[in-house]
Amino acid sequence: MRIALLGGTGDIGAGLALRWATDSDHDIVIGSRDPEKARETAAAYEDTLADQGVDRKLTGFANEMAADRADVVVVAVPAYHVTDVMGAVADRLDADTLVISPAVGIASGERGLHYNPPSAGSVTALVADAAPDGVDVVGAFHNLAADRLADLDAELDADTLVVGDDEGARTRVAELADDITGLRALDAGPAENAAEVESLTPLLINLARYNDDLRDVGVTFE
């Protein structure tokens, strides 16, 4: 499949791009508001992959072009940019496009980070509200340690929780997650459960902040 990572120049976008490029045959496209930055980042990812003995071609475009004809669009931008990015690419999405939202609303406090959901209730819901009618939106990849995900020398052993109203769409995202070695997808049900999933992220970041041995903490369920 063709996977477009909008905001693919950022932390979670980098990790997903590098892992999918390493562990799968999917066509990886890096999107950015700045097309030159997208192209430069795609070339840098190619160099990182080459250092690992992986010969892959990645392309970079403005977000609109990256989303055009993509099978999967990952909105890997901060929560406060989600609405603008979705508005910019909406006319490039159709009923066959699967949209994935990994963003989380977070507020910074003096002693830590706190969950800060938008008025829609969750960022997943915010993306769904901004998506064209008939486009499936699934929340996933919220609770991963971005640095570890992007470190191809590091083995993964983590779960990602998948939420969305269409069961078939959740299954497709779970299969994409399972393409990444060491990552397991778990079905967390419909989109109304997204707030509970997203709220784990600031907790994990706080744990990493206050515990040196949990710098790249993730979650697993047994």
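This is a predicted model: local features need pLDDT of at least 70, side-chain atom pairs count only at pLDDT 80 or more; totals for chains, interfaces and linings use all residues.
Which side chain makes a polar contact with the side chain of Asp159?

**View 1. Asp159 and its polar partners.** The answer is Arg184: its side chain and that of Asp159 make a polar contact at 2.8 Å. The Asp159 side chain also reaches the backbone nitrogen of Phe221, at 2.6 Å. If you are tracing the fold, look for Asp159 in strand 9, which covers residues 158-162. Asp159 counts as buried because its relative accessibility is 3%, and the cut-off for buried is under 20%.

View 2. Glu36 is partly exposed, with a relative accessible area of 37%. Arg39 is partly exposed too, at 42% relative accessibility.

**View 3. Lys57 meets Glu46.** This salt bridge has its closest N and O atoms 3.8 Å apart. It links distant parts of the chain: Lys57 sits in the loop between helix 2 and strand 3 (59-62), while Glu46 is in helix 2, 11 residues apart. Lys57 counts as exposed because its relative accessibility is 61%, whereas Glu46, with a relative accessible area of 19%, is buried.

**View 4. Asp91 and Arg92 side by side.** The side chains of Asp91 and Arg92 form a salt bridge, with an N to O distance of 3.6 Å. Asp91 is exposed, at 63% relative accessibility, and Arg92 is partly exposed, with a relative accessible area of 27%.

**View 5. A negative patch on the surface.** Take a look at Asp11, Asp147, Asp151, Asp153 and Asp216, which form a negative surface patch. Asp11 can be found in helix 1, spanning residues 11-23. Asp11 counts as exposed because its relative accessibility is 56%.

**View 6. A nonpolar patch made by leucines.** Leu203, Leu207 and Leu214 make a nonpolar surface patch of about 220 Å². Of these residues, Leu203 lies in helix 9, which runs over residues 200-210. With 45% relative accessibility, Leu203 counts as partly exposed.

Notes
Residues are numbered from 1 along each chain as its sequence is written. Side-chain values use heavy atoms; hydrogens and water are left out. Patches are made of residues with over 30% relative accessible area and no salt bridge: like charges are joined within 9 Å, nonpolar side chains (Val, Leu, Ile, Met, Phe, Trp, Tyr) within 5 Å. Accessible areas come from the Shrake-Rupley method with a 1.4 Å probe; for residues, only the protein chains shown count as cover. A salt bridge is a side-chain nitrogen of Lys or Arg within 4 Å of a carboxyl oxygen of Asp or Glu. Lys and Arg count as positive and Asp and Glu as negative; His and the chain ends are not counted. The place of a charge is taken as NZ of Lys, CZ of Arg, CG of Asp or CD of Glu. Helices (H or I, at least four residues) and strands (E, at least two) are DSSP runs, numbered from the N terminus. Buried means under 20% relative accessible area, exposed over 50%, partly exposed in between (1.4 Å probe, protein chains only). A polar contact is a pair of N or O atoms within 3.5 Å; within protein, one must be able to donate a hydrogen and the other to accept it, and residues adjacent in sequence count only if both atoms are side-chain atoms.
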